[in-house]
Amino acid sequence: MKAAAKAGMKKMKWNLVALAMLLGGATIASQAQVVVKHLQPNEKSPIANGVWAGDTLYLSGQLASPVTPADPAKGTEAVYGDTRTQALSALQKIQALLKEQGLDMKDVVKMSVFLAGDPAKGGKLDFPGLQASYTQFFGTADQPNKPARSAFQVAALAAPWALVEIEVIAVRSK
Amino acid sequence: MKAAAKAGMKKMKWNLVALAMLLGGATIASQAQVVVKHLQPNEKSPIANGVWAGDTLYLSGQLASPVTPADPAKGTEAVYGDTRTQALSALQKIQALLKEQGLDMKDVVKMSVFLAGDPAKGGKLDFPGLQASYTQFFGTADQPNKPARSAFQVAALAAPWALVEIEVIAVRSK
Amino acid sequence: MKAAAKAGMKKMKWNLVALAMLLGGATIASQAQVVVKHLQPNEKSPIANGVWAGDTLYLSGQLASPVTPADPAKGTEAVYGDTRTQALSALQKIQALLKEQGLDMKDVVKMSVFLAGDPAKGGKLDFPGLQASYTQFFGTADQPNKPARSAFQVAALAAPWALVEIEVIAVRSK
């Protein structure tokens, strides 16, 4: 074998070693470590809107926004509506948070629904009210994906007016 | 160096480049993307039985199946039993769902247990009843794995007869 | 091309194949399988302290430790304190569990807080009490990370004295 060929072989062997180290390293990194990113745009909020851990996005539980905000001039309080209305609002907030992150309702893999007893229903949970809004987003012709879900009535939510809190885990997928 | 040897070298270098692109691409894909699969065999159900996200399987909260189904001819309602009986049924349903996916109770990494107050216990949660069924599946000689778990009493579950709802996250592991 | 050069080429081709199998195999393994590790040092406990699934650590819900343990000689019961005191204790226990695993509060990506009604607050949840302890660990100058969180009042926790149970998911990150 000639010297030039030998030199070429030797160089290629080093390329192989370098390739093995590079790819081997990348593979080990993907097994052992994950990129975490906190979505906390509101400095005053004690919690994050959500946190990315690799391809998994954990969102904080969402309460409804008011249908009619409080009007201090008139002395009126905010109006939040019934379970159906509040569920719609919470789901719209979740959808907006997902879209900001390049995801949508189809990417929700797990949902937890915490319902407060509705005074207008004798203090019972309004399951049909939840379902009426939920089914606009999941299991439709346009969006057939349905999440794994648990739903139950809690003793109380963090805000006295709140009838629904919805928490989701979404995943960025192929 | 002869022409034939040079051509062989050149071809091999392209192999190296192709290999680097192929493996590099696969490695990046494993960092950035996950395969999601919705288990939703029942078209009428608004939720999935469970959802795979990579190697993580999120199951929906499971309620018990009736011990004795309703009998419209006799006018009798379904019988679901006490907390112990319902917990056993919910855990058996979880085990069946896991087995369909090639997993088993050993693969449960996280469990949430939502207990409704038992009228036969003065409206209190029946924690010993839960434990009696739970310990048949976890921490046994045959199946020593125990999940991380939270358990508490909720105000009410989705079905008026329900005393227990159990939700798990399971992981396909090496 | 000479025989020696041909033999060298052939050997290198096998190196390439071996490399491809090795790295390809490792890459596929990182996509399809995860290492799960159960942290269950207490044989008598029916649940794990936590479970690792890849880089995700699921901890069991933590209740407070007593401020003053029971004293059978004096016939006094354990004292656990109010929501603020119990939240501080539960968070300290979580921090200790995380540190044993090489993590800390900054690595918490998701938190669930289950509050029992405080008899001293007319049976209502003591949200300010929770926040007073929580904000010592999250969103501070030293530790700016804040988790995604849900918090609500349950009907009862597993122990009659318990006012707070806190559950977290933490992630080992780059």
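**Helix and strand packing**

Analyst: This is a predicted model. The buried residues of helix 3 of chain A pack against helix 2 (83-100), strand 4 and strand 5 (148-153) of that chain.

User: Which residues of helix 3 of chain A are buried?
Analyst: In helix 3 (residues 127-134), they are A:Gly129, A:Leu130, A:Gln131, A:Ser133 and A:Tyr134.

User: And what happens at the start of helix 3 of chain A?
Analyst: A side-chain oxygen of A:Asp126 comes to within 2.9 Å of the backbone nitrogen of A:Gly129.

User: Switching to strand 7 of chain A. Which strand do seven bridges join to it?
Analyst: Strand 4 (residues 108-115) of chain A, running antiparallel to strand 7. There, A:Leu115 has A:Val164 as its bridge partner.

User: How many bridges join strand 3 of chain A to strand 7?
Analyst: Three, and these two strands also run antiparallel. A:Tyr58 stands opposite A:Ile169 of strand 7.

User: Which way do the residues of strand 7 of chain A point?
Analyst: A:Val164, A:Ile166, A:Val168 and A:Ala170 point one way. A:Glu165, A:Glu167, A:Ile169 and A:Val171 point the other way. All of these are buried.

User: Over to chain B. Where does B:Gln62 lie?
Analyst: In the loop between strand 3 (56-59) and helix 2 (83-100) of chain B.

User: Why does B:Gln62 count as buried?
Analyst: Because its relative accessibility is 10%, and buried means under 20%.

User: What does its side chain reach?
Analyst: The side chain of B:Gln62 reaches the backbone oxygen of B:Ser60 at 3.0 Å. Beyond neighbours within four places in sequence, B:Gln62 has contacts including B:Asn49, B:Leu97 and B:Glu165.

How values were computed. Residues are numbered from 1 along each chain as its sequence is written. Chains are lettered from A and ligands numbered from 1 in the order in which they are written. This is a predicted model: local features need pLDDT of at least 70, side-chain atom pairs count only at pLDDT 80 or more; totals for chains, interfaces and linings use all residues. Side-chain values use heavy atoms; hydrogens and water are left out. Buried means under 20% relative accessible area, exposed over 50%, partly exposed in between (1.4 Å probe, protein chains only). Helices (H or I, at least four residues) and strands (E, at least two) are DSSP runs, numbered from the N terminus. Two strands pair if DSSP finds at least two bridges between them. Contact means heavy atoms within 4.5 Å. A polar contact is a pair of N or O atoms within 3.5 Å; within protein, one must be able to donate a hydrogen and the other to accept it, and residues adjacent in sequence count only if both atoms are side-chain atoms.
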